[in-house]
2 protein chains.
Amino acid sequence: MGGAAVTRPDRRITLIDVARAAGVSRQTVSNAINAPDLLRPDTLTHVRAVISRLGYQPDRGARSLRTRQSRLIGYCVPPPDPDRLGWVLDEFLHSVADAARGADYHLVVFTPESASGELDTYATMLQTGCADGFLLTDIARHDRRPGWLQRRGVPFVSYGRLSPRVGKAWVDVDGASGVAKAVDHLTGLGHRRIAFLGWPEGHRLGDDRAGGWRSAMAAHGLDAGDREYTEDTISAAARAADRLLDLPDRPTAVIAASDSMAVGTYHAARNRGLAPGRDLSVVGFDDTPSAALVTPALTTVSQPLRDAARLLVEMLVARLAGEPLKRRAVLLDPVLVVRDSTVSPPG
Amino acid sequence: MGGAAVTRPDRRITLIDVARAAGVSRQTVSNAINAPDLLRPDTLTHVRAVISRLGYQPDRGARSLRTRQSRLIGYCVPPPDPDRLGWVLDEFLHSVADAARGADYHLVVFTPESASGELDTYATMLQTGCADGFLLTDIARHDRRPGWLQRRGVPFVSYGRLSPRVGKAWVDVDGASGVAKAVDHLTGLGHRRIAFLGWPEGHRLGDDRAGGWRSAMAAHGLDAGDREYTEDTISAAARAADRLLDLPDRPTAVIAASDSMAVGTYHAARNRGLAPGRDLSVVGFDDTPSAALVTPALTTVSQPLRDAARLLVEMLVARLAGEPLKRRAVLLDPVLVVRDSTVSPPG
DNA sequence: GCGTCCAGCACGCACAGCACC
DNA sequence: TGGTGCTGTGCGTGCTGGACG
């Protein structure tokens with residue numbers, strides 16, 4: 001019998017223990033937690049004192065069985081891609097987990113069972129009571145998840161805008177505004193030929209950012225002719241940036257739709273003997289951890305991740321509680337972080 | 001009444017439904033899932049067929065209430081530090097979540113309630129049945145978590161070695177071997193003066209990596225005199241690298257104990273007009289996503305994250321099941337990823 | 001007695017409805 | 001009466017002990 005009882009630290013404290021110690025019934029203790037306004041103030045104070053004295057914590061299993069809720073938020077982590085800059089998962093996750101705890105929720109991360117059956121995984125998570133609602137990120141062009149969840153009435157929120165047809169609760173960064181800030185910054189430095197390197201048209205995020213560039217250029221009376229669209233990888237961006245630098249009247253600055261593409265632009269510039277941050281100004285988007293580390297340190301548009309996380313959790317929790325949303329679609333204004341990759345145009 | 005019943009997609013399928021459909025008792029269905037060897041083969045086949053036909057999934061809440069287990073693995077995400085390179089959280093989390101699902105576990109990420117009361121958070125997670133065991137990373141010098149968990153008999157595993165006193169189940173990267181590979185690589189290029197930039201002594205990881213450098217240098221008949229120890233941030237590393245480059249007979253290569261410190265070395269070199277990857281070779285450790293992006297692309301020691309994650313989950317699941325561990329402490333051999341920051345010494 | 005399978009109970013909680021002042 | 005607090009019940013499982021052949 002030498003083995004320690006690993007799974008049983010000590011007997012759990014239950015509602016009944018608290019009730020006995022406080023001299024009230026189970027239900028009164030339950031109400032003290034879930035419906036405090038049903039108790040007389042002095043009873044409430046007394047029960048609460050006993051609760052904290054005994055260190056009582058409601059059991060999730062039992063509560064979940066009774067209420068049919070897990071108080072768990074599901075988040076399917078996107079698979080890492082070596083040719084894309086690491087996402088800002090670190091800070092985002094931290095912020096989300098923090099906000100969730102504030103609402104007495106927890107965050108469950110999971111991966112799809114198979115590439116094809118991602119939706120099945122969401123179904124399983126729901127059926128087994130492993131999540132009450134979901135947090136979505138990296139919404140793709142024809143993403144099936146929002147519509148699927150919407151049809152089933154499953155609460156979810158998205159970091160990334162949604163078409164009204166498939167969902168109403170989302171938070172996103174105002175890409176147009178972010179890129180416009182980059183244009184303002186560059187014109188302030190004296191640039192007139194500012195190119196844009198974006199994603200293929202039809203991508204919501206990409207179109208948003210490209211639109212911001214176009215209108216900001218127009219606002220400054222500049223021509224928005226120099227642009228290339230390509231997929232969001234370093235290597236593809238380098239090829240696209242090459243085409244921009246091949247233009248007869250070469251741009252003096254490039255705004256990229258992501259940090260990955262900005263790094264690709266660095267490569268293209270160096271390949272023809274141009275020094276980014278001296279001969280060519282470059283602006284990125286996302287402020288990934290790498291942005292501050294590359295040489296020259298990258299000027300980039302930073303997403304307000306903490307605010308986004310807080311809002312997303314707030315919205316999801318409201319949906320889970322069946323409450324109406326105060327704000328359904330929130331566009332956050334990003335900040336331009338100026339580093340060393342943007343300087344006055346040469347000459 | 002127009003509002004849809006958001007929380008109730010449709011009535012759940014329970015053990016009883018399956019039992020009725022299969023013409024057996026609840027318990028037999030339960031056994032088909034948890035103790036298949038108690039059933040006659042034909043009964044088992046039949047029941048299993050009905051289970052998959054109805055798409056039955058055991059309810060986590062009920063199961064958790066009965067078994068006193070959540071089938072949840074807790075992971076406290078370390079707070080992001082802007083002056084340190086983003087951790088490799090992305091890939092690690094993905095791998096862990098993947099491995100956990102294979103064992104019918106899920107991963108709950110959480111943050112400490114307060115900086116001081118991290119242990120309280122672990123206690124709460126346990127008490128509320130929000131985790132059965134924990135995954136630890138970033139073990140600090142005098143980390144209180146392993147001992148605390150150990151004393152309470154809480155199952156946990158650590159990514160990062162543990163002193164036998166506070167825990168026996170861990171997986172770690174063989175830092176000494178990784179650094180030795182870096183030394184071999186550099187001597188192969190013709191370097192003789194290879195400095196080491198590490199963490200203050202007493203840090204297990206740091207000592208491990210420093211030891212690898214010392215013994216590899218000795219094996220090559222080289223002097224292991226050039227070393228600096230400092231904290232793991234870019235700025236501190238830059239100052240320490242400065243001191244190395246101030247040495248009368250300047251090293252031609254620097255091996256840093258982390259990618260952050262390698263980037264700090266880049267800065268220090270450039271400040272005195274030395275080009276890393278030409279005048280000075282630099283090797284990092286960790287292969288963070290930024291390593292491939294900095295200029296020159298950083299040669300670095302890569303952690304086998306997938307293997308680590310798989311092993312960690314395997315060990316934790318075994319501990320949770322009360323089974324003996326096949327392997328308690330596993331040292332994984334890292335791989336040197338050669339990029340552009342290491343070249344033959346100048347001259 | 002052995003191999004299968006089944007009925008009753010308890011896990012800890014929250015809801016409905018009743019009792020009290 | 002209305003504000004408070006209490007008792008009975010069931011959520012879906014898995015364990016214990018018993019029944020059947």
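1. Asp172(B) is buried, with a relative accessible area of 5% (buried means under 20% relative accessible area, exposed over 50% and partly exposed in between, with a 1.4 Å probe and protein chains only). The residue lies in strand β5, residues 170-173 of chain B, where helices (H or I, at least four residues) and strands (E, at least two) are DSSP runs numbered from the N terminus. The side chain of Asp172(B) is joined to that of Arg161(B) by a polar contact of 2.6 Å; a polar contact is a pair of N or O atoms within 3.5 Å, and within protein one must be able to donate a hydrogen and the other to accept it, while residues adjacent in sequence count only if both atoms are side-chain atoms. Apart from neighbours within four places in sequence, Asp172(B) is in contact (heavy atoms within 4.5 Å) with residues including Tyr159(B), Leu205(B) and Val330(B).

2. On the basis of the note: this is a predicted model, in which local features need pLDDT of at least 70 and side-chain atom pairs count only at pLDDT 80 or more, whereas totals for chains, interfaces and linings use all residues. Residues are numbered from 1 along each chain as its sequence is written, chains are lettered from A and ligands numbered from 1 in the order in which they are written, and side-chain values use heavy atoms, with hydrogens and water left out.

3. Which relation holds between chain A and chain B?

4. Not counting residues up to four places away in sequence, Ile255(A) touches, among others, Val179(A), Leu186(A), Phe196(A), Trp213(A) and Val283(A).

5. Thr342(A), in the segment after β12 (335-337) of chain A, is buried, with a relative accessible area of 8%. Its side chain makes polar contacts with the side chain of His185(A) at 2.9 Å and with that of Thr299(A) at 2.8 Å. Leu186(A) and Val283(A) are among the residues that Thr342(A) touches, not counting those up to four places away in sequence.

6. Ala329(A) is found in strand β11 (residues 329-332) of chain A and, at 43% relative accessibility, counts as partly exposed. Beyond the four places on either side in sequence, Ala329(A) touches Lys168(A), Trp170(A) and Met315(A).

7. DNA strand C has 25 residues around it, of which Leu15(A), Gln27(A), Tyr56(A), Thr28(B) and Thr43(B) come nearest; a residue is near a strand if one of its heavy atoms lies within 4 Å of it. Of the atoms of DNA strand C within 4 Å of the protein, 64% belong to sugar or phosphate and the rest to bases.

8. DNA strand D is surrounded by 27 residues, the closest being Thr28(A), Thr43(A), Arg66(A), Gln27(B) and Tyr56(B). For DNA strand D, 57% of the atoms within 4 Å of the protein belong to sugar or phosphate and the rest to bases. A base nitrogen of DNA strand D is 2.2 Å from an N or O atom in the side chain of Gln27(B), and a base nitrogen is 3.0 Å from such an atom of Arg66(B). The elements giving two or more residues to the surface near DNA strand D are α2 and α4 of chain A together with α2 and α4 of chain B, and the largest share, five residues, comes from α4(B).
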